[in-house]
Amino acid sequence: MNHKSIALSAIIVWSIVAILFTGIFIYFLVGRPSRFSLMSKRFDTETIIEKKTLDSSDIHSLDIDWDAGQIQILPSTGQDIIITQSSYYQVEPFQSSIQGDILEIHQTDSGFYIFPFSRFHSSNITIEVPPMYLETLQLSLTSGSCNGNDLAAEHLYVSITSGRVTLNGRFQNITSELTSGNVSIETNNLPDNLFVEMTSGDMALKIPDNDGFQVKLDKTSGKFQSDFDFLVNPEQEDIYIYKSTSSRKYSVDMTSGHFELRKLQPSHSKAKSNTVIKSRLIEIGYDRNGNKLPPPLLFPWQKTK
Amino acid sequence: MSKDKYATEDPRMKEARSALEGGFWLLVVATYLIISFVFRIWHFSWIIFIIAAAIQQIVRAIYLYKLPSPPTEEDRNES
C-alpha cells in the first residue's frame, strides 16, 4: 500500500465524517421543531407556556425547584394561587403537585439535548400567592433568579447553585445554602433561627434592630460585614454578640464569599411595597419600565407565523 | 532526486502549513462563538469543531496525495 492509497482512504473517511456531521448540523439548524425533535421552537416574544390556577385553602407550603429562568412571587388579590410560565422557547410546561399541604413546582426538562448548555432554553415563572402565612417556603435554584415581595413564612429555605434570590417579608426561621450566586433577604421581624452555609457567593440579610442576638461565624475565608456593633470575646473570636447573650443564636458557615448582616431601616418596607405594585404591572414581552423588549435574533425559518 | 526530499517536508512549507492551520482554527473558533452567541445554539454548535477537524484532515490527505512517490528499488538501481 503506497502513500497515495493511504491518502485516498483518508480523504474518503474524513469526507464521510464531514458530510455526516454537516448533515447533523443542518438538521439541528433547520429541522422542523416539534416535541420529538432536538430543537425547541422560538417565539418572537415571550409567550405563555402554561397557566394553572389552584385553590390555596389546603396549601400551607411552597416548594419551588427551578433550573433556569426567572421566578417572581407576587401577592394576589383572590384566594387562588396562579402560576404562569412563559418563555421565548417552546419548552415543556412545568410540573406541579400537591403533597399533603405542600405545593411543589418543578421545571421540566426541555426535551433531549446533547450538551450541558441545553438548559439555555430558560423559562420564567410567576407565582401569585394570596396573602397567607406559609409554613414553609422552599426555593431551589440551579441558575436564574427569584424575586419575592411581601412574603410571610415560618421557615424559609433557600438553596442556590448559582443565580440570584431577592426576597422580602417576614421569615421566622431562615436557612440558606449557597454554592455560588447572590442571596438578598429582608425580614421585617427578627428571625428565631438563622443558618447560613456558603461555599462562595454573596449573601445579604437585613433584620430589624433588636434587643440582642449572637452569631457563630465559622469562616475559612471570605468576608463578614455588619452594621451591628458586635462584642467579641477574645477567647471565642468566632462568636459575635450583639447587646446581650440572647437565646437567639445564628450560625454562619463560610468557606469563601461575602456575608453581610445589616439593620433594616424602618422606611425600607414602605419603599418595597411600591415595587410590588410596579412589578405586578409587568407584562409578557415588556421590561420593568414598561418598554417593549426586543425579540431575539432568529433565522427566517424559525419565526412563527 | 535525492532521498531526503521524500523523507522530510521542506521547513518553509512546514511553517507555511502551520501558519495556515493556525489561521484556519482561529477562524473556526470565531465562527463558533459568533454563530452560538447570535443564534443561541450552544447545544449543538460544537459540531462545527468536528466538521473543521474533518476538513483539516481532508486537506492534509489531498496534500499527501499530491506529493511525489518515493523512489522504488529499481529507480535507485537505475540511478
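Analyst: What follows takes the labels in turn and sets each value against its definition.

Analyst: This is a predicted model, where local features need pLDDT of at least 70, side-chain atom pairs count only at pLDDT 80 or more, and totals for chains, interfaces and linings use all residues. Residues are numbered from 1 along each chain as its sequence is written, while chains are lettered from A and ligands numbered from 1 in the order in which they are written.

User: How many helices and strands does chain A have, and how are they assigned?

Analyst: Chain A has two helices and 19 strands. Helices (H or I, at least four residues) and strands (E, at least two) are DSSP runs, numbered from the N terminus. Chain B has five helices and zero strands.

User: What makes A:Ser145 buried or exposed?

Analyst: A residue is buried if 20 or more other C-beta atoms lie within 10 Å of its own, exposed if 12 or fewer, and partly exposed in between, with C-beta atoms placed from the backbone. A:Ser145 has 20 C-beta neighbours inside 10 Å, so it counts as buried. A:Ser145 sits in strand β9 of chain A.

User: Which label does A:Asp150 get, and why?

Analyst: A:Asp150 has 19 other C-beta atoms within 10 Å, so it is partly exposed. A:Asp150 also belongs to strand β9 of chain A. Its phi is positive, about 50 degrees, although A:Asp150 is not a glycine.

User: And what about A:Lys219: why does it get its label?

Analyst: The count for A:Lys219 is 16 other C-beta atoms within 10 Å, so A:Lys219 is partly exposed. A:Lys219 is in strand β14 (residues 213–219) of chain A.

User: What is the share of buried residues in each chain?

Analyst: In chain A, 27% of the 305 residues are buried. In chain B, buried residues are 10% of the 79 residues.

User: What makes a set of residues a nonpolar core, and which residues have the most contacts inside the largest one?

Analyst: A nonpolar core is a set of buried Ala, Val, Leu, Ile, Met, Phe, Trp, Tyr and Cys residues joined through C-beta atoms within 7 Å. The largest has 46 residues. A:Leu137, A:Leu139, A:Val165, A:Val183, A:Met203, A:Val252 and A:Phe259 have the most contacts inside it. Strand β9 (residues 145–160) of chain A gives the most to this core, six residues. Another core, of five residues, lies apart from it; A:Phe43, A:Ile49, A:Tyr88 and A:Val91 are among its members. In soluble globular proteins, nonpolar side chains tend to be buried together.

User: What does A:Val183 touch?

Analyst: Not counting residues up to four places away in sequence, A:Val183 touches A:Val158, A:Ile160, A:Val165, A:Ser176, A:Leu178 and A:Met203.

User: Why are α1(A) and α4(B) called roughly antiparallel?

Analyst: Axes are lines fitted to C-alpha atoms, for helices over the stretch in contact, and angles run from 0 to 180 degrees between N-to-C directions. Angles under 35 degrees count as roughly parallel, over 145 as roughly antiparallel, 65 to 115 as roughly perpendicular and the rest as oblique. Helix α1 (residues 3–30) of chain A and helix α4 (residues 47–66) of chain B cross at roughly 160 degrees, their axes coming within 8 Å. The pair is therefore roughly antiparallel.

User: Which residue classes make up the contact of α1(A) with α4(B)?

Analyst: Ala, Val, Leu, Ile, Met, Phe, Trp, Tyr, Cys and Pro count as nonpolar, Asp, Glu, Lys and Arg as charged, and the others, Gly among them, as polar. The contact of α1(A) with α4(B) divides into 20 nonpolar, four polar and one charged.

Definitions and conventions
Contact = placed C-beta atoms within 7 Å.
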